[in-house]
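Here is a set of questions and answers for someone meeting this structure for the first time. Please keep the sequence and the 3D view at hand while reading.

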Amino acid sequence: MAQLQQTKLIDMADMPLGKRHIWIVFVASLGQLIGTGVATLAGILIPLLNIITRPELSSAMQGIIGAADLVGIAIGSVIIGKLIDKYGYILLFRLCPLIVLVASVISIIFPDITVLIICLFIIGVGIGGEYSLDSNYISELMPVKWKSFMVGLAKAASAFGNIIVAGICFLIIERWKTATTWPELMWIVVAISGLMVVCRIWFYQSPKWLEHHGRPKEAEEMLQKFLGNDVVLPPEETAPATPQTVSESSSSDTSLASRQNPAAQSQSCSFLKRNWKKIILTGIPWACEGLGVYGIGVFLPILVMSLGIEAGQTYGSPLHHVSSSVLVTFFISCIILPGFLLGLWLIQKRSNICRMQVVGFALCGIFLIILLLAYRYHWGTWISIVAFMAFELFLNMGPHLVTFVLPPKVYPVATRGFGTGIAASLGKVGAVLGVFFIPVLMHSGGASLVLIVSAIVMFVGAFFTFAFRKSATLQ
């Protein structure tokens with residue numbers, strides 16, 4: 001009888017994709033959604049604050065507002081990533097959206113620019129934790145056949161953050177008579193983070209974390225709560241961690257060891273010397289991509305106004321200009337999701353991902369040049385909008401997606417954590433620098449200088465990917 005029951009058990013690794021898997025991906029993907037949503041919202045708040053602030057915000061202050069949550073993400077992903085190893089997933093998985101929720105409410109209660117910057121930083125800390133948790137849960141609980149696709153799909157969910165926030169902001173601002181009500185937009189973040197808190201009531205501890213901490217019986221119980229009473233962990237899955245878990249935990253462990261142990265620090269230096277080509281291949285393009293995704297992404301409404309491609313009439317109140325630019329931002333953001341889906345389709349077709357990244361960067365640079373020419377020579381507005389949408393399409397088809405999946409394919413398991421951590425750090429540095437310096441470039445040379453520098457950065461990303469594409473055999 002026991003043998004008969006055993007034959008009815010389902011191996012998690014080989015089971016078909018079901019509704020519970022879709023639920024897991026949905027709940028985990030909300031972290032990616034709110035991450036890009038907050039970045040989009042920050043870019044909309046800046047021109048609104050310019051309307052009511054006298055004198056207008058300096059370029060440095062605009063950069064600080066735009067980069068505040070990104071700095072928080074960089075710090076939060078490291079701190080919360082370490083706490084995950086000690087306390088498990090579920091506590092932090094529920095705490096992260098709560099941090100975002102509380103900080104968002106505070107920014108509404110105390111409508112001040114300084115408070116907003118602090119709250120955006122705190123929100124970023126919570127989102128940084130999300131980035132450390134989302135892929136772990138998805139990778140751990142998906143069937144082997146669907147792991148890579150579902151992790152990529154969660155990344156693609158970030159497109160909905162741009163679309164949803166831009167669309168809702170347009171509908172709200174259209175009804176306003178004054179920009180002084182800007183704190184009301186933070187209710188969007190409150191709503192999304194509140195949904196995340198509620199959804200995670202029905203989430204459980206990571207079976208993998210429990211298994212690694214010598215609690216196999218609890219691991220089986222949590223797995224069955226996730227996927228059903230007849231599902232079991234496969235034997236080969238119970239010992240090693242998933243690549244994502246290895247990536248994050250070993251990154252933290254290596255960093256800690258290097259501070260405490262001179263020998264470990266020497267090993268780190270040896271790693272850098274042996275793998276400098278891989279570091280360039282995975283890190284420099286990621287930094288270049290950060291300018292496109294966050295630098296241009298955050299300041300998209302301002303760029304739209306500067307380029308004169310707002311929707312509808314070009315005259316009216318300053319608030320009308322903001323709402324018109326937000327509407328164009330919404331339409332441009334709608335192309336981000338097809339870009340991700342196209343990239344996922346190409347990856348499923350086993351396309352060469354380095355080639356995808358080179359082509360993506362090159363096309364991004366070309367369409368930024370077309371956008372520049374359309375601005376300088378007063379071509380039709382539709383040409384500018386199409387060029388901007390093409391830029392977003394190829395940015396997300398290639399660099400935005402590929403830089404996320406390339407490092408684990410370049411580094412072997414033994415050094416994957418440290419290598420991926422370096423690549424991610426360089427990527428975040430690029431994002432912060434992009435967000436901070438875009439308004440400085442705008443102040444110095446207007447939209448033309450922004451487009452010229454951005455196009456150069458895209459071509460630099462293509463060059464380094466092409467030049468170092470043979471530096472490692474993809475795993």
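Q: In which helix does Leu41 lie?
A: The model shown here is a predicted one, and its protein chain comes to 20 helices and 2 strands. Among the helices is the one formed by residues 19–52, and the helix in which Leu41 lies is α2.

Q: Is Leu41 buried or exposed?
A: A residue counts as buried when its relative accessible area is under 20%. Leu41 has a relative accessible area of 3%, and therefore Leu41 is buried.

Q: Which residues does Leu41 touch, not counting residues up to four places away in sequence?
A: Leu41 and Phe299 are 258 residues apart in sequence, and their C-alpha atoms are 9.9 Å apart in space. For touching, heavy atoms have to be within 4.5 Å. With residues up to four places away in sequence not counted, the residues that Leu41 touches are Val165, Cys169, Leu185, Met186 and Val189.

Q: Which residues does Leu116 touch, not counting residues up to four places away in sequence?
A: Leu116 is found in helix α5, which covers residues 113–141, and with a relative accessible area of 1% Leu116 is buried. The C-alpha atoms of Leu116 and Ala68 are separated by 9.2 Å, although the two residues are 48 residues apart along the chain. Leaving out residues up to four places away in sequence, Leu116 touches Leu45, Leu49, Trp182 and Met186.

Q: What is the distance between the end C-alpha atoms of α7, and what span should its residues give?
A: The buried residues of α7 include Gly161, Val165, Cys169 and Ile173, and the buried residues of this helix pack against α2, α6, α8, α15, α16 and α19. Because α7 has 16 residues at 1.5 Å a residue, it should span 22 Å, and this agrees with the distance between its end C-alpha atoms, which is 23 Å.

Q: Which helices do the buried residues of α16 pack against?
A: Helix α16 takes in residues 336–348, and its 13 residues should span 18 Å at 1.5 Å a residue, which agrees with the 19 Å between its end C-alpha atoms. In this helix Ile336, Leu337, Gly339, Phe340, Gly343, Leu344 and Leu346 are buried. The helices against which the buried residues of α16 pack are α6, α7, α15, α17, α18 and α19.

Q: At what angle do helix α13 and helix α17 pack?
A: Two packed helices are described by the angle between their axes and the distance between the axes. For α13, residues 276–298, and α17, residues 353–376, the axes are 12 Å apart, and α13 passes α17 in a left-handed crossing. The residues of this contact divide into 6 nonpolar, 1 polar and 1 charged. The angle at which α13 and α17 pack is about 35°.

Q: What is the phi of His378?
A: Most residues other than glycine have a negative phi, and most peptide bonds are trans. His378 is found in the loop between α17 and α18, and with a relative accessible area of 73% His378 is exposed. Although His378 is not a glycine, its phi is positive, at about 55°.

Q: How many Å apart in space are Ile332 and Phe388, C-alpha to C-alpha?
A: Ile332 is found in helix α15, and at 0% relative accessibility Ile332 counts as buried. Leaving aside neighbours within four places in sequence, Ile332 is in contact with Leu300, Val304, Phe388, Met389 and Glu392. Ile332 and Phe388 are 56 residues apart in sequence, and their C-alpha to C-alpha separation in space is 6.9 Å.

Technical notes:
Residues numbered from 1 in each chain as written. Predicted model: local features only at pLDDT ≥ 70, side-chain atom pairs only at ≥ 80, totals over all residues. Heavy atoms only, no water. Axes fitted to C-alpha atoms, helices over the stretch in contact; angles between N-to-C directions. Helix = DSSP H or I, 4+ residues; strand = E, 2+ residues; numbered from the N terminus. Left-handed = near helix turned anticlockwise from the far one by under 90°. Nonpolar A, V, L, I, M, F, W, Y, C, P; charged D, E, K, R; others polar. Expected span 1.5 Å × (residues − 1). Buried < 20%, exposed > 50% of the residue type's maximum accessible area, 1.4 Å probe, protein only.
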